[in-house]
Amino acid sequence: MVFRLRRFTLRRVLFLTSAATLFFIFIFSLTPIISPLPPYTGPHEVGILDLETELEKRVIHDAVLKSTGEKAFELNTLAITLYYPSSLPMNSPSSRPWARLWLPQPVSLIGEGYARLAGVPRLSSIFTFALWLLGSSTVIPGVVDAPILSGAEKILTEEAGSGAGSFGKIMSAAEQEHQELKRDRKIGTLPCLVFTHGMAGMSQSYAHYLGSIASHGYVVAAVEHRDGSGPGTVIHHPDGKERKVWHLKLQDLESNPPMTDLDLKAAQLNFREAEISETIKLFAQLNLGDAPVVNLKPDSPREALPGFKNRLNLSAVTVGGHSYGATGVMQALKSAGSKAMPINGGIALDPGKGSGLLNKDIDVPILVMQSGEWTEKQSDFYGQDWHFIVVRKIVESLREGWFMTLAGTAHPSCTDAPLIVPWIMKMVTGTTLNSKVALREYIETSLRFLEYLQTGKKNGVLGSSVTNREGPFKHDEPRKWTKGPHGADWEIHVVPHVGEDEGTLDE
Ligand SMILES: *[C@@H]1O[C@H](CO)[C@@H](O)[C@H](O)[C@H]1NC(C)=O
């Protein structure tokens, strides 16, 4: 009886798997469900580099893994993906050199990671297959290990605009580069952004958003967190040993006293904060250019790194993050301006609803952008109030904070997912705004904020006044939006106090 039952189950699984395979093949032939990532929005070509460097070993929390007894929160190396403006001129869109696969390798690691995350580790081959099916043909546009944009080029490109004809100027500028740099080393240094991913996310899940910001002249480092929030990642030790870090759940951990869910979140957020701080240190090391930076990532080149010497503006480092990462951004802003965290502001995309309490002790400018879904679907936030109200209260209490919602978007709208599988994402998330338009709106508004941090000018959506403070809780009157640069609707909930009626609102 038991035997027959098992056979039945096995047959069922086989049947379901082949049915799913046929279904995908069928869909494939009917609809192009996979789209390539679009070109970046800015004038510069983009260089990409995966970088892993050794850190001084640090234990963030004493909890150990039940399975192996190893420390769960030990920081050994820092892994980031760098996106930066490059000197390689773009000839024509068709001859663009493609960078590298969008899916981190090996795919089976990520597949197993997501299977574990979903609580069905035995189905890891199905997850790997699905990832391979949907993600394996996608590449991140850009040039691996391309030389970083030189100071002279940046100035000329800016003067000449992004139009055709700047090519020759760039080339002659490159020749003069050395003299120019000697004359004024500081001219044209590049502002930086550290980006932290969401729960179950990866550093390359935001390639279009981050690469586009880089194409406008920013050096972006997307951190691959080893805090157990991602699907899976490999730590490469300098001695050649490897350690896999899988997604962590409370029941995987042992500690005395036992950890609560909030303890786990706190440990992960502290871990992330340490990684953000180490990323900024790495920026400083690259900018100093004295000691060569050893890249522990296997098969990742590092020719471009010496070119980072004197190219970064370390007084213009900003942090950004999505979801869990946005919660991390708000936490990092608590120590903004300190030696460990020399940052000038933060961009928070959909601050987490269950990723721990949100820090409200913030002294630098912040831009909080929420997706339509995040704002419309309200839930209680740790017994404090509705999530929307908690976020609004925090931003309203700051001198320089924006809080706004991009209508028609969903939580993953700032990731690459809706660009790669637009059709599936639209079905699953019910977004009404075109996914490319949504990303352009996010990118431009982020750029306006980054410019604000340097110039104090409020352009684009940042120049708007409040359109609806109440957000989803406005019932007495129709809700109002303002148009974004690409025609999308932004609902503005909070804008900075400074400049408007200074003096009256001083607290
Ligand atoms: C570096 O950034 C700071 C702060 O935004 C700015 O004031 C300064 O002019 C920048 N320096 C260079 C050389 O670009």
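**Strand 12 and its surroundings**

Author: In this predicted model, strand 11 (residues 312-322) runs parallel to strand 12, the two being paired over four bridges. Within that pairing, His 322 is the residue that stands opposite Leu 349 of strand 12. Strand 12 also pairs with strand 13 (residues 366-371), again in the parallel sense and over four bridges, and here Ile 347 stands opposite Leu 367 of strand 13. Strand 12 itself covers residues 346-349, with Gly 346 and Ala 348 pointing one way and Ile 347 and Leu 349 the other, and all of these residues are buried.

Turning to the helices, helix 7 (residues 261-288) packs against helix 8 (residues 324-332) at an angle of about 70°, and their axes lie 10 Å apart. Helix 7 is therefore roughly perpendicular to helix 8, since angles from 65 to 115 degrees count as such. The crossing of these two helices is right-handed. On the helix 7 side, the residues that meet helix 8 include Leu 264, Gln 268, Arg 272 and Ile 276, while on the helix 8 side those that meet helix 7 include Tyr 324, Thr 327 and Gln 331.

As for confidence, the mean pLDDT of the protein is 87, and 85% of its residues reach 70 or more. Two stretches call for care: over residues 92-97 pLDDT stays under 50, and the model has six contacts beyond four places in sequence for them, whereas residues 157-187, where pLDDT likewise stays under 50, have 20 such contacts in the model.

How values were computed: Residues are numbered from 1 along each chain as its sequence is written. This is a predicted model: local features need pLDDT of at least 70, side-chain atom pairs count only at pLDDT 80 or more; totals for chains, interfaces and linings use all residues. Side-chain values use heavy atoms; hydrogens and water are left out. Buried means under 20% relative accessible area, exposed over 50%, partly exposed in between (1.4 Å probe, protein chains only). Two strands pair if DSSP finds at least two bridges between them. pLDDT is the predictor's confidence in each residue, from 0 to 100. Contact means heavy atoms within 4.5 Å. Axes are lines fitted to C-alpha atoms, for helices over the stretch in contact, and angles run from 0 to 180 degrees between N-to-C directions. Angles under 35 degrees count as roughly parallel, over 145 as roughly antiparallel, 65 to 115 as roughly perpendicular and the rest as oblique. A crossing is left-handed if the near helix is turned anticlockwise from the far one by less than a right angle, and right-handed if clockwise.
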